[in-house]
Amino acid sequence: MTVTATQAALDLIEELKGRFGPDLLFHQSGGCCDGSAPMCFQQGDYIVGDSDVQVGEIGGVPFYMNADQYARWRHTDLIIDAIEGIGGMFSLENGSGRRFLTRSDVCIR
């Protein structure tokens, strides 16, 4: 699995760093409240648990997902994009008019 980001996502990450500071993290939601959206948090506002796996980094920000989800998605490359719309209710981009979106490519290795 690789995690990359589009220029639009990198631009939004830099905007969020300017507003909230550099210590951010992403957690790929597993389908609860905000579907399966990538959620951006300040590092102190989200506790990474023993069942979370860091699968990469985008824009200098670590990217995590639950180990069970990783086991199901491990052959999938993730491309994090930013598009117009309403962000996840708990994610830092909420209210910006843009939201992060996970696009994917299934890889056969």
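View 1. At 22% relative accessibility, Tyr 46 counts as partly exposed, a class that lies between buried, under 20% relative accessible area, and exposed, over 50% (1.4 Å probe, protein chains only). Phe 41 has a relative accessible area of 12%, so Phe 41 is buried. The ring centres of Phe 41 and Tyr 46 are 4.8 Å apart with the planes at 25°, so this pair is stacked. Rings of Phe, Tyr and Trp (its six-membered ring) pair if their centres lie within 6.5 Å; planes under 30 degrees apart count as stacked, over 60 as edge-to-face and the rest as tilted.

A word on the model before we go on: it is predicted, with local features needing pLDDT of at least 70 and side-chain atom pairs counting only at pLDDT 80 or more, while totals for chains, interfaces and linings use all residues. Residues are numbered from 1 along each chain as its sequence is written, and side-chain values use heavy atoms, leaving out hydrogens and water.

View 2. Four strands line up in the order β3-β2-β5-β4, with mixed pairing. The edges are β3 (38-42) and β4 (52-58), each pairing on one side only. From one strand to the next, the twist averages 30°. Strands (E, at least two residues) and helices (H or I, at least four) are DSSP runs, numbered from the N terminus; two strands pair if DSSP finds at least two bridges between them. Helix α1 (residues 7-20) lies across β2, β3, β4 and β5, at about 130° to β2. Axes are lines fitted to C-alpha atoms, for helices over the stretch in contact, and angles run from 0 to 180 degrees between N-to-C directions.

**View 3. Where β2 meets β5.** Residues 24-28 (β2) and 61-66 (β5) pair in the parallel sense over two bridges. His 27 has Tyr 64 in β5 as its bridge partner. Look too for Phe 26 and Phe 63, a stacked aromatic pair at 5.8 Å centre to centre and 25° between the planes. Because Phe 26 sits in β2 and Phe 63 in β5, the pair ties together parts 37 residues apart in sequence. Phe 26 is buried at 0% relative accessibility, and Phe 63 is buried at 0% as well. Ring pairs link Phe 26, Phe 63 and Phe 100 into a cluster.

**View 4. Around Leu 78.** Leu 78 belongs to strand β6 (residues 76-84) and is buried, at 0% relative accessibility. Beyond its neighbours within four places in sequence, its contacts include Met 1, Phe 63, Trp 73 and Arg 103, where contact means heavy atoms within 4.5 Å.
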